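The sequence and the model come next, and my entries follow.

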Amino acid sequence: VFGKEWQILRSPFFPVLFSLTVYLSCCLPYIFLDLLCSRLILIRRFRIQPQNQVTWTKAWRCLCKCLHNHVSFILPLSVVHWYWRPVVCPPLAPEMQSVIQDVLVCLLLFDTQYFLWHLLHHKVPWLYRFFHKEHHLYTATFSLTAEHTGVWEMLSLGFFAKLNPMLLGCHPLTEMLFFVTNIYLSVEAHSGYEFPWSPHRLVPFGLYGGARYHHLHHFKVKVNYAPYFTHWDRLFYTLQEDDIEDIK
């Protein structure tokens, strides 16, 4: 990447604009479905809790929270990070195999970190009360609830997402692709919709949980702590998926 395009990528404002653009772009299709859900039975049949409608009040509250966190916290931290560790782009783009491998490893690392963080914040009452309870405001999740979090949770998970590509020495383009993938999967997990093409149906052997799995976590609270994959919940006996129909 050269010239003006590279200068944009190196800007201290780029991470905030990039994060917001990707997040809202991922949410937009689900917001559109939420608007149609009350009118079309075809859409309602794919919603996990069709009886719980997404109102403008709920959506606006989540959107304001997201914008506040980005402007008040992510933006200042982006400027500090830009000053402390300027972006350096290697002259050659990474090979496709390397990109796929690094993104998958980053997702697995993030899944592990989030699982341990999440489990701790549910098992220790004061951590849940002061830091994580806000994210559980809605038992019926929708796309914009993915980033309806307090400052501590937002910064903690943002730190994990930033740390893993650094540990692996990922190319900046690979790092960006990981961020896009991570944000999309987070939005999909909170979307409240289960389609025939949903990720958990495409990944074999029940290795991936997805929306139905994470929706059950918000409904029952003490199950399904991992954000994406299911292996840690299986190992810790916190996996639950057999009564997802009970919440419809």
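**Entry 1: a side chain at the surface**

I looked up Trp82 and found it partly exposed, with a relative accessible area of 40%; here buried means under 20% relative accessible area, exposed means over 50%, and partly exposed is in between, with a 1.4 Å probe and protein chains only. This is a predicted model, in which local features need pLDDT of at least 70 and side-chain atom pairs count only at pLDDT 80 or more, while totals for chains, interfaces and linings use all residues. I also note that residues are numbered from 1 along each chain as its sequence is written, and that side-chain values use heavy atoms, with hydrogens and water left out.

Trp82 sits in helix 4, where helices (H or I, at least four residues) and strands (E, at least two) are DSSP runs numbered from the N terminus. Together with Phe13, Leu17, Val79 and Tyr83, Trp82 forms a nonpolar patch on the surface, and the accessible area of these residues together is about 570 Å². Helix 4 gives the largest share of that patch, three residues. For a patch, residues need over 30% relative accessible area and no salt bridge, with like charges joined within 9 Å and nonpolar side chains (Val, Leu, Ile, Met, Phe, Trp, Tyr) joined within 5 Å. The areas come from the Shrake-Rupley method with a 1.4 Å probe, and for residues only the protein chains shown count as cover.

**Entry 2: the core**

Which residues touch the most other members of the largest nonpolar core? I found Tyr23, Phe110, Phe178, Val187 and Tyr193, in a core of 41 residues. At least two residues of this core come from each of helix 2 (14-37), helix 4 (56-84), helix 5 (96-123), helix 7 (151-168) and helix 8 (172-190), and helix 2 gives the most, with 11 residues. A nonpolar core is a set of buried Ala, Val, Leu, Ile, Met, Phe, Trp, Tyr and Cys residues joined through side-chain atoms within 4.5 Å.

I then followed Tyr193, which touches, among others, Tyr30, Leu33, Asp34, Cys37 and Arg47, when residues up to four places away in sequence are not counted; contact means heavy atoms within 4.5 Å. A second, separate core has five residues, including Leu119, Tyr213, Tyr225 and Ala226.

**Entry 3: a stretch named in a record**

In an unreviewed entry, UniProt lists residues 20-42 as "transmembrane region", and such annotations may be inferred rather than shown by experiment. In the model this span is 87% helix and 0% strand, and its end C-alpha atoms lie 30 Å apart.

**Entry 4: the loop between helix 10 and helix 11**

Thr230 lies in the loop between helix 10 (210-220) and helix 11 (231-235), and at 2% relative accessibility Thr230 counts as buried. Among the residues that Thr230 touches, leaving out those up to four places away in sequence, are Gly206, Tyr208, Tyr213 and Leu239.

Most residues other than glycine have a negative phi. In this loop I found Val221, whose phi is positive, near 75°, and which counts as partly exposed at 25% relative accessibility. Asn224 lies in the loop too and has a positive phi of about 55°, but Asn224 is buried, with a relative accessible area of 0%.

**Entry 5: charged pairs**

How many salt bridges are there? I noted a count of five, where a salt bridge is a side-chain nitrogen of Lys or Arg within 4 Å of a carboxyl oxygen of Asp or Glu.

Asp34 and Arg47 form a salt bridge at 3.8 Å, N to O. Asp34 lies in helix 2 and Arg47 in the loop between helix 3 (41-44) and helix 4, so this pair ties together parts that are 13 residues apart in sequence. Both of these residues are buried.

Glu175 and Lys162 meet at 2.8 Å, N to O, and this pair links helix 8, which holds Glu175, with helix 7, which holds Lys162. Glu175 is buried at 13%, whereas Lys162 is partly exposed at 26%.

Arg201 forms a salt bridge with Glu194, their closest N and O atoms being 3.0 Å apart. Salt bridges that share partners join Glu194, Arg201 and Arg212 into one network. Arg201 counts as partly exposed at 47% relative accessibility, and Glu194 as buried at 12%.
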